[in-house]
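This report describes one protein model, with attention to its aromatic contacts, its sheet and its nonpolar cores. The sequence and structure follow.

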Amino acid sequence: MSFSRVRTLVTGGSGFIGSHLCERLLANGHEVLCVDNYYTGRRQNIEHLLANPRFEVMRHDITMNLYVEVDEIYNLACPASPVHYQFDPVQTLKTSVHGAINMLGLAKRIKAKIFQASTSEVYGDPHVHPQTESYWGHVNPLGPRACYDEGKRAAETLFFDYHRQHDVRIKVARIFNTYGPRMHPDDGRVVSNFIIQALRDDPITIYGNGEQTRSFGYVDDLIEGMLRLMATDDGFLGPVNLGNPGEVSVRELAELIIAMTGSRSKLAFRPLPADDPKQRQPDITLAKQKLSWTPRVDLREGLERTIDYFRPIVAAEAATRPAHSGSPKITDRLPIQPEEMAF
Ligand SMILES: NC(=O)c1ccc[n+]([C@@H]2O[C@H](COP(=O)([O-])OP(=O)(O)OC[C@H]3O[C@@H](n4cnc5c(N)ncnc54)[C@H](O)[C@@H]3O)[C@@H](O)[C@H]2O)c1
């Protein structure tokens, strides 16, 4: 990666993935403008970057127009976990669709290259395993997940139409399950849930018998893939899958986390939710070919770093209020609670 002074806009820069991206871009010499409306993003994710004179933060909602001068745009703004994106589905869809239109319009005006953080959810409940980029997916357009899945699909369409119609330089990545430090503690994802439950010595909730498998990519690997995609020739647009094809059963994951945290937690089995999506596993052949990219961080190492991140947070929580009393959070106002949802 060269040390040129590229001016880079990161939407959703205060979120989990966005904050790691801002950090890497700064390390690579970019000037970074982080734009976020703090819907799920948090200042603490980026506060260690604020002293850097090449880092700037703007509170802004990308469903509104934005006029800035940059060379590159990474469009990450969008709540990513079902708990958060189902809280306000209309806003989720607006963020994906209006946000894409606004960011693509900006890219067109200022001739910037633009990256879209798309998702494996565009494959829906797939009939093809593992999923290759040529698979068109199997998405329910009417269900509670549609605001996210269809929003991201429409955003991909917009990206390709802006490219065909207006020659905008686009890069589309389909990101699979990613974990790591700065995941939102309340987002109900399996890795953060298990780690938090284990650190509290609470029962670890497993749906079904736990034999179902999942694949998880560590955030540093994802960021490397995103940067490599952005650096490809203008002729390569994607979409390209970025994820870790390694599989682990949910039960194995829980047992590993219990062992690594030295927890006294026991496994608590609950019925599998009806809409539990079948396993999604990335086929990363294209990323290997086009980006010379492959995930490097193995599960144990990634979990270690993530546990190190959550340990002081859970300890501080235990010290400041009675166990399990909870604090007001976005999910408290949800019609359904995370444990009733499928991830
Ligand atoms: N985490 C994953 O496993 C995963 C998987 C596939 C795709 N993605 C995609 O990657 C991107 C980042 O995901 P994440 O896990 O960091 O989620 P996140 O919720 O931590 O980050 C999203 C960020 O976008 C901001 N945001 C939301 N709506 C906005 C709006 N209208 N205007 C400005 N900012 C807004 C939020 O405040 C937050 O900072 C998302 O687009 C998501 O769809 C993530």
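Which residues form one aromatic cluster? The cluster consists of Tyr 123, Tyr 135 and Phe 176. The model is predicted: local features require pLDDT of at least 70 and side-chain atom pairs pLDDT 80 or more, while totals for chains, interfaces and linings use all residues. Residues are numbered from 1 along each chain as its sequence is written, and side-chain values use heavy atoms, with hydrogens and water left out.

**Aromatic pairs**

Rings of Phe, Tyr and Trp (its six-membered ring) pair if their centres lie within 6.5 Å; planes under 30 degrees apart count as stacked, over 60 as edge-to-face and the rest as tilted.

| Pair | Centre to centre | Angle between planes | Class |
|---|---|---|---|
| Tyr 123 and Tyr 135 | 6.1 Å | 20° | stacked |
| Tyr 123 and Phe 176 | 6.2 Å | 40° | tilted |

Tyr 123 lies in the loop between strand 5 (113-119) and helix 4 (146-166), as does Tyr 135, so their pair ties together parts that are twelve residues apart in sequence. Phe 176 lies in the loop between strand 6 (170-175) and strand 7 (178-179), so the pair of Tyr 123 with Phe 176 ties together parts that are 53 residues apart in sequence. Helices (H or I, at least four residues) and strands (E, at least two) are DSSP runs, numbered from the N terminus.

Buried means under 20% relative accessible area, exposed over 50% and partly exposed in between (1.4 Å probe, protein chains only). Tyr 123 and Tyr 135 are both buried; Phe 176 counts as buried because its relative accessibility is 5%.

Seven strands form an open sheet in the order 3-2-1-4-5-6-11, with parallel pairing; two strands pair if DSSP finds at least two bridges between them. Strand 3 (55-59) and strand 11 (240-242) are the edge strands, each pairing on one side only. Strand 1 (residues 7-11) runs parallel to strand 4 (residues 72-75), joined by four bridges, and Leu 9 stands opposite Ile 73 in strand 4.

**Nonpolar cores**

A nonpolar core is a set of buried Ala, Val, Leu, Ile, Met, Phe, Trp, Tyr and Cys residues joined through side-chain atoms within 4.5 Å. The largest has 59 residues, of which Leu 21, Tyr 74, Phe 115, Met 226 and Leu 303 touch the most other members. Apart from this core lies another, of 26 residues, among them Leu 66, Ala 77, Leu 104 and Ile 110.
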